[in-house]
Amino acid sequence: MTQPRDTMNIVIVGHVDHGKSTLVGRLLADTGVLGDGKLEKVQATCRRQGKEFEYAFLLDALEAEQDQGITIDAARVFFRTDKRDYIIIDAPGHIEFLKNMVTGAARAEAAVLLIDAKEGVRENSRRHGYLLSMLGIRQVVVVVNKMDLVGHDRGVYDQIVTEYRAFLAEVGIEPRHFIPISARDGDHVAKGSETMAWHDGPTVLSALDGFAKQPGRADLPLRVPVQDVYKFNARGDDRRIVAGRVEAGRVKVGDKVVFSPSNKVSTVASLEVFSAATPTEKEAGASVGVTLTEQIFVERGDVMSHVDDQPLVGTRLRVNLFWLGREAMRPDKTYKIKLHTAHSECRIAKIHRVLDASDLDATADKTSVERHDVADVVLATRQPLAVDLAAEIEATGRFVIVDDYDIAGGGIVREVLPDEAHQVRLEAKIREFEWVRGDIRSQQRAERFGHPASMVMLTGEAGVGKHAIARALEAELVETSHHAYLLDGKNVFLGVDADLAFDDRGGLVRRFGEVVHLFLDAGTLVVSTTNVIGLADHRTVQALISPFKMFIVHVGGTDESAPDGADLHLSPNTAPSRAVAQIVAELHRRGRLRTH
Amino acid sequence: MAQLDDLEEQGIYIFREAYRHFKQMCMLWSIGKDSTVLLWLARKAFFGHVPFPLVHIDTSYKVPSMIAYRDRLAREWGLTMVVGQNRQALAEGMNHEKGRLVCCRALKTEALRHTLDGSWPRLRMGADGQYHEEENREAFTGVIVGARADEEGSRSKERYFSPRDHHGDWDVADQPPELWNQFKTDFAPGTHVRIHPLLDWTEINIWEYIEREQIPIIDLYFDRGSGKRYRSIGCETCTAMIDSTAKSTQEIIVELRRTNVPERAGRAQDQEDTYAMEKLRRDGYM
């Protein structure tokens, strides 16, 4: 059996008619995938029929000759060099297909940016450059095509190189090479060129062969976003396995690890695999399953790292994003952000600049991000997210935005800005690290009690009936064998806060949060209302009780006073029994009332 | 084996994403090599378990040993087997002589659509190894499929997570973008998502993986003395054997490296017209 070969996914992008098809055809022809003279034959047919040569015609011609054994289709083209196999992923140049271009390019490891020597740098040359940068493609070669149409003139070439190099530098791309070619004649594609002997750089093929296969993610700090936690309990298997992909770094059995943003600490007991020898170490790229020495509470969206090099945590992200949705992205609308395996509701908190990606001119007065725009904005997320700056660790620093049901945009995190709960989160983190634990873990407690600890917070204006609902909810939960407790803020205020000044808001909220945290640590289902602590403080309480989650029930519909993304909305003065039924149903749906 | 490792890790990642997001999830198992590799990947992703049902559409024209092989693996691996069939069309005598596309559409596409959405009865293998009509008629919202991009033209346009509308139809021209490892996991009620963990695999990758993992593939793929074997399996009536003396996975790999004949050349329905497969897929064919 021959040795399996490396495969590299590449994408060729460029403005419409800058000669992408011809270059693809030439690559195929010169690497022996196409038969001799095949490309010229198809081009001649096109000329005869008076139409511009297009990639599609080549495909048609190839399809008709499938007995040649060429693996080719509309979206991917295969060719090979002595060094490795290549897959060219289709990335349409037309702006209408930008989302297909982005989809294709996001899968590529390297890119060829194509420019027509006669037309020079065009709108899409710039847009594509910017998008490639945001998609994280660092291995780029720029090819200036159709040099035959400008008499192989070095001056024309140099001018394009200067202009495009400057633009790409602005968006953070430093091309490995610029190459003057004529795809039609094959100059500098697979072999050198006599007419452009002045070019002393590589051909397109040797430039591609020069790209590195592994960008060395294994040497970065460890990041394993948790995909899921499994306990199958089938066929005698009682392992509790934390599953996720090593996006960066290496993980070894015996490593002390921390999960962000919950700050739970444990040690890797084993790396689990099916039908293979059990490994002791796995590195970036691997989809792993780990068991931990201590049964801590871990959930999807947490990021496992080493204790000495953790991701950032925050709710305010300064990002660069591109928008592909039909509807513009507006500050008054709530979206879903998906970042590694975490997700949260989010909004635009501030628009710094909306750019026309094709010339990088800021459009200062834009108040929304329209289709094909690129923007520099601050996103506010409802849940704190563990995140890295994309410049440092790409996989945990990029995200997509979901509008309704579809991915409508994507981007990279440039900065994590402090938010109001920033300080409290740091305090909670220190507390979590130093916390003295008994022998019973929260998971064991949850298994014994039959449900995990959690908190239900009722919000709404005075007089909408929150308190009556809270009382009825506690009663119902206890009646149905849950360890529930109605923690009225006033009771904390009367005792725990007796030494605090009435106007020491920060102190009152902090102590309330700490008391809730104790109850949750004891495995209780805490029911409370915002009667004493204000609605605005719920973020602080959430930060204090993390990783336990607050389930917010807003009584009073979607008015101004509704918190960002309540989990459930009830109309004012809903009868307590009906309200309780709705809350319990939703808690059930989210798996909060039974241990799993 | 760097490339097979990459494909495997990505496949596992996709499986776990799908399982997390779709409560009503199933996997289509055609008994062929691709979906059997897919089944193996599922066991890797879930540490030996397959925590969702496997759906097989039985046209009744399958090579008989396929059914025996299916039920044997189901018992050995503890699989939840669900079988669907277009009983009415079969009762009315549907077969390939009424037109291959007509037959495929009725016995595969229609049967699949109605089995997935729960509008037709599903047979489930019980602890006794027999099939019984199933109570659960809930629609599957996430369907794992073993389609590969290199099989034929229409499949190359697929995404890893590919939405289907209320009728199970596929809008090829207007698909959502798919970035990095963020997939379409949000969907409107009544629609479902097809998930393709093997999208980037080639036919040779499949065989190399079968060889590496020693996956117990059905023996129809091997020459058992007649100098013929199946390269692609399906209904006995519409799938031709090829001339080949390959008796092992290794011999198949060697043969594939030399061949110029497309994989599905033996599948008669593909030859019916140029856009046959794209048409079938738009209607919800796997």
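Mentor: Let's begin with chain A: of its 596 residues, 57% count as buried. Keep in mind that this is a predicted model.

Trainee: How many helices and strands are there in chain A?

Mentor: Chain A has 14 helices and 26 strands. Also, among its contacts with a separation of 6 or more, 72% are between residues 24 or more positions apart.

Trainee: Okay, can we pick one helix? What about α6 in chain A?

Mentor: Good pick. Helix α6(A) covers residues 154-170, and at 1.5 Å a residue its 17 residues should span 24 Å. The C-alpha atoms at its ends are 24 Å apart, which agrees.

Trainee: Which residues of α6(A) are buried?

Mentor: Tyr157(A), Ile160(A), Val161(A), Tyr164(A), Phe167(A) and Leu168(A). Looking down the axis of α6(A), you'd find these buried residues within an arc of 140°, so they line one face of the helix.

Trainee: Why would they end up on one face like that?

Mentor: The arc of 140° is why we can say they line one face. As background, an α-helix has 3.6 residues a turn, so residues three or four places apart point the same way.

Trainee: And which exposed residues sit on the face turned away from the buried side of α6(A)?

Mentor: Those are Gln159(A), Thr162(A), Ala169(A) and Glu170(A).

Trainee: What covers the buried residues of α6(A)?

Mentor: The cover includes β4 (110-116), α5 (123-135), β5 (140-145) and β6 (177-180), which belong to chain A.

Trainee: New topic! Which residues have the most contacts inside the largest nonpolar core?

Mentor: That core has 64 residues, and the ones with the most contacts inside it are Phe15(B), Met27(B), Trp29(B), Phe52(B), Leu54(B), Phe161(B) and Trp207(B). At least two residues of this core come from each of several elements, including β8 (241-245) of chain A and α1 (2-21) of chain B. There's another core apart from it, of 48 residues, and Ile160(A) is among them.

Trainee: Let's do a strand now. How many residues of β20(A) are buried?

Mentor: Six of the six, residues 398-403, so strand β20(A) is largely enclosed by the rest of the structure. Arg398(A), Val400(A) and Val402(A) point one way, while Phe399(A), Ile401(A) and Asp403(A) point the other way.

Trainee: Which strands are bridged to it?

Mentor: On β16(A), residues 335-339, four bridges join it to β20(A), and the two run antiparallel. Ile337(A) has Ile401(A) as its bridge partner. Six bridges also join β20(A) to β21(A), residues 406-417, again antiparallel. β20(A) and β21(A) form a hairpin with two residues between them, and Asp404(A) in the turn has a positive phi of about 55°.

Trainee: One more spot: is Asp237(A) buried or exposed?

Mentor: Asp237(A) is buried, because its relative accessible area is 11% and buried means under 20%. You'll find it in the loop between β7 (224-230) and β8 of chain A.

Trainee: What does its side chain make a polar contact with?

Mentor: With the side chain of His49(B), at 2.7 Å. Setting aside neighbours within four places in sequence, Asp237(A) is in contact with Phe232(A), Phe47(B) and His49(B).

Methods: Residues are numbered from 1 along each chain as its sequence is written. Chains are lettered from A and ligands numbered from 1 in the order in which they are written. This is a predicted model: local features need pLDDT of at least 70, side-chain atom pairs count only at pLDDT 80 or more; totals for chains, interfaces and linings use all residues. Side-chain values use heavy atoms; hydrogens and water are left out. The expected span of a helix is 1.5 Å times one less than its number of residues. Buried means under 20% relative accessible area, exposed over 50%, partly exposed in between (1.4 Å probe, protein chains only). The arc is that of the directions from the helix axis to the C-beta atoms. Contact means heavy atoms within 4.5 Å. A nonpolar core is a set of buried Ala, Val, Leu, Ile, Met, Phe, Trp, Tyr and Cys residues joined through side-chain atoms within 4.5 Å. Two strands pair if DSSP finds at least two bridges between them. A polar contact is a pair of N or O atoms within 3.5 Å; within protein, one must be able to donate a hydrogen and the other to accept it, and residues adjacent in sequence count only if both atoms are side-chain atoms.
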